[in-house]
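I open this notebook to record what I looked up in one structure. The entries follow the order in which I consulted it.

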Amino acid sequence: MRSGRRASAVALLGDAVQHDPADHRVTHTLAVALLNSPASEGGCAWERCVAAWAALLHDAGFWEHVLSAASRRYGVPVEPSLVPVLRAGLREVLEQRMPDDTATTRVAPGPLLQREADAAKLLAAVGGFPSAGGGGAPLFCGPLRIAELGRSADFGAFAATQGTGYVAQDAGAMAQDAGAVAQGAGAVAHDATATAPHAGAMAQNATAAVQSAGPETQGAPALAHGTGGTAHGAGAGAGAYGTGVAAPGTEAGAGAGAYGTGGSAGAGAYSTGGAAHGAEPLAPSGADIAASTAPPPPHPGPLAFAFSELGFAQLLLRQDKAADALAALSELRCAECRAARGGPGAGAVCEPGCVRFDELNPGYAGLPDKHRRLALDARGLALEARLSMGRAELREPRPDFGAAAAYWRRALVHSRELDRYRETQTAIVDMALGAARDAHRAGRLTLAVDTLDMTRSVIGANERGRIEGQLARVLADRGISVANDDEALLDQPAADLRRSVAFNPHLLRAQVSLGVVLRGLALARWSSGSLSGARATLREAIDQLTAALTYFPDDPYLEEQREAAVADLDHVMWQPDESGQ
């Protein structure tokens, strides 16, 4: 090295590493030589450089040597607790020295180092990879060092013994998504009685007090629209066509517990129950991974992901770069297989006879169906990426619901291939309910409705009960809030309340409010000169209130509203319509 023959020195150090790869002194010397030697002098080949440094980051023997050397140099003990800080500092220095381009490597050296270091950390957690022959110290390295040592097949057999579960190690990512709304479930019961910012605020504008309809609607504010009409048969305290609309969030009827844990139709808001089949499959896109439809066998464990081409996509997912992860999954082949079968997306993994498959994917080398297994696990990561992209879209100030629906439909397609359809549906519903909950609490009721409507279009019929239970509540809140605005037309509130009642007929405040709004809408149509429209709307109100009484027999307010609607219709029937009849 001192005589300037760097290439010879690097070659000698490479031979020494092959002889004893667990000797951290040799590895460290090689790593320093590679990092500080230009390629023109036989020095820095970035993949070799990254492999050498990653092999040191989690080698306990290397850090013991570093601490003892520092202790001798400074004459004071150096605590082992400093190792994580020193390791992080070393990684930072190395990343600063590495170029951003991919001129000399398949992947930029920075991400390559991250993948290698993460893999080495996982390997250290299981005690390291045994040396050849089992006589030496274990190795704490990444997949590049395994391939450099020519031990891909040995590592594949070792990784297979570390298998601990079914399918991908990142299956827990969906559990995190599914639990994103669970932290608030049950702990926010107060939202069952005050779910919208308008609750109670309309009371100051009330011009016609409405008698309490029992504990479910006690204290609900009322607002009369067009109280100048004739009050034939109107109940006590209510004007003609009075729209004493119940306030949002005052319902405690059957199956309506806010943020509850029900799973049936009409169940509580943001409930966390059941899952079902039902979404229509779509044709695979070029960016997604083709794989067999057979159920996957037991997975070899977390080492397989880190010690394969999937490690890059996994790294990007952890960095919340789901789109980049999906792009990384679109091409997992070596250069030779890619040249033989066309450009990106033409095939998922290398050909069965590819000699480089084990070198690039040592974590799978010990599996008899390694190519199929890699393709299935790539699909599993694509599923996670699609879920994350849909969730990220909902977090935007103005979400693109079409894009979010497309991401989640594709995730459901992947889940069918992996036999994970039920858990994927549950994750999607939980993410949607969490986003709708946040929008609802912020007073963005239309955003909450649009979120739930989009998710309902994606999810199968059996799972829709959870979505529809909350959609009924949010539609009722929006309809009531708009109806309590003196200047608002009643057509949209009526449409919202009709949908609310259709989704959950057990929601008493929606039933009561729909009857009141329909009477107000009838008055508006009569006032505009459409007597036939007023008659039709009153007939609808009578039918709706009659149906509501089957769910809430003898409810005094429903009965009062129905009697008022019948009286209003009798009065209107005697008036000549547009044709003079």
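Is Leu144 buried or exposed? I found Leu144 buried, with a relative accessible area of 12%; buried means under 20%, exposed over 50% and partly exposed in between, with a 1.4 Å probe and protein chains only.

I noted the basis of these entries. This is a predicted model, in which local features need pLDDT of at least 70, side-chain atom pairs count only at pLDDT 80 or more, and totals for chains, interfaces and linings use all residues. Residues are numbered from 1 along each chain as its sequence is written, and side-chain values use heavy atoms, without hydrogens and water.

I then checked pLDDT, the predictor's confidence in each residue from 0 to 100. The chain averages 76, and 71% of the residues score at least 70. Over residues 164-294 the pLDDT is below 50. Where pLDDT is low, the predicted coordinates should not be read in detail.

I returned to Leu144, which lies in helix H7 (residues 143-148); helices are DSSP runs of H or I, at least four residues, numbered from the N terminus. Beyond its neighbours within four places in sequence, Leu144 is in contact with Glu47, Val50, Ala51, Leu112, Arg115 and Glu116, contact meaning heavy atoms within 4.5 Å. Ala52 is 92 residues from Leu144 in sequence, and their C-alpha atoms are 8.8 Å apart.

Last, I looked up a helix pair. In H11, Leu310, Ala313, Gln314 and Leu317 meet Leu374, Asp377, Ala378, Leu381, Glu384 and Ala385 of H15.

Note on methods:
Helices (H or I, at least four residues) and strands (E, at least two) are DSSP runs, numbered from the N terminus.
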